[in-house]
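Subject: Handover of a structure, with notes on what was found

Dear colleague,

Please find the structure below, followed by my notes on its contacts. I would be glad if you read the two together.

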Protein chains: 2
Amino acid sequence: MSAPSLPQDEYEHLDAFWRAANYLAVGQLYLLSNPLLHEPLRAEHIKPRLLGHWGTVPGLTLIYAHLNRLIRQRDLDMLYVVGPGHGGAAMQAATWLEGSFSEAYPEVPRDAEGMARLCKNFSFPGGMPSHVGPEVPGSINEGGELGYSLSHAYGAVFDRPDLITTCVVADGEAETGPLATAWHGTKFLDPARDGAVLPILHLNSYKIANPTVLSRIGDEELTALLEGYGHTPYLVSGDDPQSVHRDLAATLDRAVDEIGEIQRAARDGTEHGRRRWPMIVLRTPKGWTGPEQVHGRQVEGTWRSHQIPLARPAGDADQRAALQEWMREYRPEELFDEQGRPRAVVTDAVPAGRRRMGANPAANGGVSSRLPLPDVRDYTVTLDERGGAVCSPTEVLGGFLRDVMHASQEQRNFRLFSPDELESNKLGAVYEATDRAWQAEQADVDTELAPDGRIMEILSEHTLQGWLEGYLLTGRHGLFASYEAFIHIVDSMFNQFAKWLDATRELEWRRPVPSLTYLLSSHVWQQDHNGFSHQDPGFLDHVTRKKPEIVRVYLPPDANTLLCVTDHCLRSRDLTNVIVAGKQPQPSWLDKDEAVAHCTRGVGVWEWASTATGDPDVVMACAGDAPTRETLAAVDLLRQHLPELAIRVVNVVDLMRLQPPDEHPHGLPDEEFETLFTTDSPIVFVYHGYPSLIHRLTHGRPNRDLHVRGYQEEGTTTTPFDMAVRNGIDRYGLVIDVIDHVAGLRQHAAGLRQLMLDKRIAHDVHTREHGEDLPEVRDWTWGRPQTRGTSREEGESR
Amino acid sequence: MSAPSLPQDEYEHLDAFWRAANYLAVGQLYLLSNPLLHEPLRAEHIKPRLLGHWGTVPGLTLIYAHLNRLIRQRDLDMLYVVGPGHGGAAMQAATWLEGSFSEAYPEVPRDAEGMARLCKNFSFPGGMPSHVGPEVPGSINEGGELGYSLSHAYGAVFDRPDLITTCVVADGEAETGPLATAWHGTKFLDPARDGAVLPILHLNSYKIANPTVLSRIGDEELTALLEGYGHTPYLVSGDDPQSVHRDLAATLDRAVDEIGEIQRAARDGTEHGRRRWPMIVLRTPKGWTGPEQVHGRQVEGTWRSHQIPLARPAGDADQRAALQEWMREYRPEELFDEQGRPRAVVTDAVPAGRRRMGANPAANGGVSSRLPLPDVRDYTVTLDERGGAVCSPTEVLGGFLRDVMHASQEQRNFRLFSPDELESNKLGAVYEATDRAWQAEQADVDTELAPDGRIMEILSEHTLQGWLEGYLLTGRHGLFASYEAFIHIVDSMFNQFAKWLDATRELEWRRPVPSLTYLLSSHVWQQDHNGFSHQDPGFLDHVTRKKPEIVRVYLPPDANTLLCVTDHCLRSRDLTNVIVAGKQPQPSWLDKDEAVAHCTRGVGVWEWASTATGDPDVVMACAGDAPTRETLAAVDLLRQHLPELAIRVVNVVDLMRLQPPDEHPHGLPDEEFETLFTTDSPIVFVYHGYPSLIHRLTHGRPNRDLHVRGYQEEGTTTTPFDMAVRNGIDRYGLVIDVIDHVAGLRQHAAGLRQLMLDKRIAHDVHTREHGEDLPEVRDWTWGRPQTRGTSREEGESR
């Protein structure tokens, strides 16, 4: 497109800000001191370890300068998401220039002293990271691990109609799977009720050591690809600053105009259906304005500018001279006064107050909005008996979530995220309150799809996690419901988010954000039919390796406890919560008040299930719904056959209670732990996942007579109870465990032990013949007075 | 395009095979017995649990029938990769019809008895999975977790110029990130030396409960997207079998013609540069040929056909009648004789022998090709002293890998896979032997890119893992070199692959495949500069939760042991190997013969480093390069300051030696473990990753006086030694650990303890001032006779 010429004063402001930011970025990469070059560069001014990245800087600062112009001219509400890795120096420079950096870090003021500190602290022990981490004002995307910028950008603008998030997508990052599918956000963004994302695909052509795919497929193929993603791409290309400034300014104007038109048409009802959103492809040299050649090899415009173009300026006088020349070419004397303060030509180009991208209220923790929650007690099921009120816990929860959706209809500050599994996970009641967000074509037969729906379903856990993170980090609330096994798809995203949260604990200027809560259903004990590939409870092991301060794990044994736990998680801030709950019908154990009390404690003795009044012969502990069911069935068998045995049943809802208090804020003090678990009675602990996690969490607790049962990676296509048997968490196996571990019992209860083995065999024979469990293991008799104390024979079913 | 008409006999064969496969798939979903419907369907013929998926079946069988036609007419070498989930019933039906299924499972012959068993065993306890798992002949992609079909397909055809892999991409699966970026395989596939991938994007419009994105963006936008990925898409669409048969046959002919032209032009040198590869978009109804409506609601062509269209035929006579009618509409009497054998109209459509897709030699373990390996001893470094020969272990390994590349040049059966990090990980020597595969545009300044290169670099761990899996499962060799922290990106892919390998252990008809070996460099102790987001050693915890029979973990302490371990891994089969090794210069500890012996044992006492001759006062154990360095530095300090202390140094290369032998095939027997680690001396164990893994692996070992140091999730941007200090694996901290845990030492060595604390503080002060470690912690003095036994003062550096 032929761009109109840019007014001279605008050009000057743009260029001054760009030069100033680039200058400061180079200073951060290299300088321990003397950032204003008030004296000739000497070796001692140079950092001993050069750890920054130059290549992406000039592109990021260029865009920042231009967005400032847009914001000022149009009073825009804009966030800036940086996809390229190692963009920290650029963003620290830009936010320092606009003042938001010094507001977060008063010890780094906008003067010579502050500038020196800014430079020294970058990528320095105890200082700032080389990425756009949480330490950088305005950031919601670190760019440490790559690929999440675009989904973060979408998450930030959902339900925030006035916000535009400009998202710089790096061409290296664009090769990742998460980024490649995040473009499909165009089919989920509502121009009427959501804000807009303006992607800028920055083609600087190289990664660390390789060309990038998207920079080498030609404009025609690239344009087709981006149109295929639902965009109208505008190309800005060049290496002459003046013409790039002119073209980029005009193109940004055009893009923001188009965004405005799309939104106006959708909001005043004149247009329906999906429109092509504008985006920009910016093709500029990697390491632009840096050294063109070093030792005869081209550096600017190649991968060699990715990190430190001049590798040894401390030890090499020629390189030091080149560094000084490089910095002087930005004409710092025009940009900063003698005291190091940015001059008017720079600061006049900067938006004011909360319009600065480093101080946008959507960033830095977002606007803290309360989630209106109905009283969770209104949704609990009523028990006539222990093990009664058989129901799908997630289905019960669905009713609560439906009303959370209802209650948040005005504020629009709550969304549900799921990879096409809400219905499968029995949470479908939420569709009574809102629809699935959907901007693409609809067929007559389709149901529950709408442009303004607040249920996000796409078959990409990466996209969902990215959207949710963006939504939370800008102050809203959400829940991620997924299959347990496949949540490992976002293991690495979880790592990055957990590290982000952990780092924010020391940043008081960041407001607390609503927690990231996972609801894992269709769990390992309910994946008998889908088979081995769907069986993996290891996400709990994964999350519990991150900082205890930000990790919570809940294993509610029934519907009422699931309600209580979810309510608690939705109220929490700055945490990652993982809840595991089944979708298949389960017995209920605790009534409303008991559930609240039990979840508040997180762990407790179930007296009504225990036969021990004082010291027990055995502690039967359980964590998880299937473990609880099998434990109570085993207790039922034991009280029938060995009524004299003193059993204590302990149920664990909050897994973190098992850790010592010096290892986790929820950790039980040793004396409380011993009161529950004793110091020397054998413990048969049935756990939802891999047994080693219980050993890890209880490491150092005094009672070593601990026998943990759980998933042992034994799976196949089979029945639910066969899954329990294969992994040794079945009631028969637990009775055998008790017999084997309580001193003296093995001889005394040899008959019962054999009976249990026989029952396992009978079950196996039945399963392989009929393809389903024996009815007696599916039905539930615990707590029915008429069966209490009577012995049932093998094969007898109700 | 207007398709030529299909000869009547070809149509009849296609349609007969399709109907037969669909018939058998329905039988698998529903029937316990009576699969030929020789008697009217009764309740007891129906499975009690209906656990299959119908929706994707008719598309998969349709394509299978058409590929058979192509294979027969052109004598093609073809693999079939099934992207849609739950496609098992389709593929078992098709392979049973062609005979390859019965060759793998002689107990399931091609007759009425076999048919009954085929039906009953599907998704049944002890039977076959509902996915296209390793149990299904011809499969290299399970489709349990979705998204990997296309990268698997590419991996299968690299270096196999005669092979065409047809890859059915599901429209649900296409929403995943890994699939979305796998399309870029077009820029890496060499038409001269590789085979071809023919993607068929199957738009059946729905996932479990939602429409799919790609089916709802219109043909124009979809075409743009696929052209943007580098393809020429051909659309086949319809719900009339006859016209779809005709169009699909003609389109497949055209696509395979084009593939042939592209390959011929590249191979005879008449064309250079990348060409657009053909692909097919197939738009047919979900659950096609199944019940159109059930209880008045549309099922065929909607998400309601995803699983079981008729939900209760056992208990509902109307549904049973509908099921019978549905099956009879396929006219089984035309397809099978009275004995249940497929008639000629079906079998005549099937290719012969190894041309059958269920029996293709590239599948089912691939052609077992030996990897020519040079003698690893020729690459070892020579030690003048312990801790000498300081070098980058991965750089040394690079020389070996370069020559593996050289040696495999003729066979082309080895590739390296890395996310743009080979150079960064100092493995760049391999470029002397081959280039990076690259079909896209090149710039003058580019280096080491070539269409036929065997180094695969794309910034997508998902794509690399998928390519490598496809390459290995078809019998070739490879190595995945990556950053340690970001390998979590493929956690879930690892899970799926590990489960695949585990399941193949019971399938004797599958040949062993070369192992999947990860080389994790740029590890947690060398990520001080990149900061917290790059620090995560948890992949080892992740992999060690999978079946011990297929998991190996190696932590070579230096260059020579890295060479030995890598050589071993490249020779292994049917395993997943994880090697962690640093790229920064490291001291070397073992000479050539010692390294071989030590790696063969996997764990051993380093007598030369120990001061104990008999029972030690303390065992200092280490696993990993940084832990070994710090441990030996601590021993050095201890022998200077406490020469009377009896120290035993144990180094662990093969982490799995720590487990008991009943938990891992490499596990040390208890008596050997005790010989090394004693039963009661305190053990200070410095481990590369999270300490809890060592506790887990040694769980149950008698010596409980175990103190493990490792990564404690304490990280930031800092220096290497500060990372060690923050996590307590530094030499000073280890000396303190020894003092604290050896009985009576604390009082005796109070001065040394204080000295160590002082040294830590001095280091911290220096680091924060100068931004780098004190030289004394980076340089290496261990083993130099002149420093042995003399005391060095704090601050004194060499």
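A salt bridge is taken here as a side-chain nitrogen of Lys or Arg within 4 Å of a carboxyl oxygen of Asp or Glu. On that rule, the side chains of B:Asp219 and B:Arg283 form one, with N and O 2.9 Å apart. It joins distant parts of the chain, since B:Asp219 is in helix H8 of chain B and B:Arg283 in strand E5 (residues 277-283) of chain B, 64 residues apart; helices (H or I, at least four residues) and strands (E, at least two) are DSSP runs, numbered from the N terminus.

Before going further, please note that this is a predicted model, in which local features need pLDDT of at least 70 and side-chain atom pairs count only at pLDDT 80 or more, while totals for chains, interfaces and linings use all residues. Residues are numbered from 1 along each chain as its sequence is written, chains are lettered from A and ligands numbered from 1 in the order in which they are written, and side-chain values use heavy atoms, with hydrogens and water left out.

The interface

With contact meaning heavy atoms within 4.5 Å, 118 residues of chain B are in contact with 118 residues of chain A. The two chains bury about 9300 Å² between them, 55% of it on carbon and sulfur atoms, where buried area is the accessible area (1.4 Å probe) that two parts lose on being put together, summed over both. Of the area that chain B buries against chain A, B:Arg216, B:Leu459 and B:Arg545 supply 8%, more than any other three residues.

Using buried for under 20% relative accessible area, exposed for over 50% and partly exposed for what lies in between (1.4 Å probe, protein chains only), A:Arg274 counts as partly exposed at 24%, while B:Glu221 is buried at 8%. A:Glu714 also forms a salt bridge with B:Lys547, the closest N and O atoms being 3.7 Å apart.

A:Ser692, which is in helix H21 (residues 692-697) of chain A, is buried with a relative accessible area of 19%. Leaving aside neighbours within four places in sequence, A:Ser692 is in contact with A:Asp541 and B:Arg696.

Within the chains

In chain B, the side chains of B:Asp77 and B:Arg355 meet in a salt bridge at 3.9 Å, N to O. These two residues are 278 residues apart, with B:Asp77 in strand E1 (residues 77-82) and B:Arg355 in the loop between helix H12 (344-347) and strand E8 (388-391) of chain B. B:Asp77 is buried, with a relative accessible area of 17%, whereas B:Arg355 is partly exposed at 28%. In chain A, a network of salt bridges links A:Glu10, A:Arg69, A:Arg74, A:Asp253 and A:Asp257.

As for B:Asp219, with which these notes began, its relative accessible area of 36% makes it partly exposed.

With kind regards
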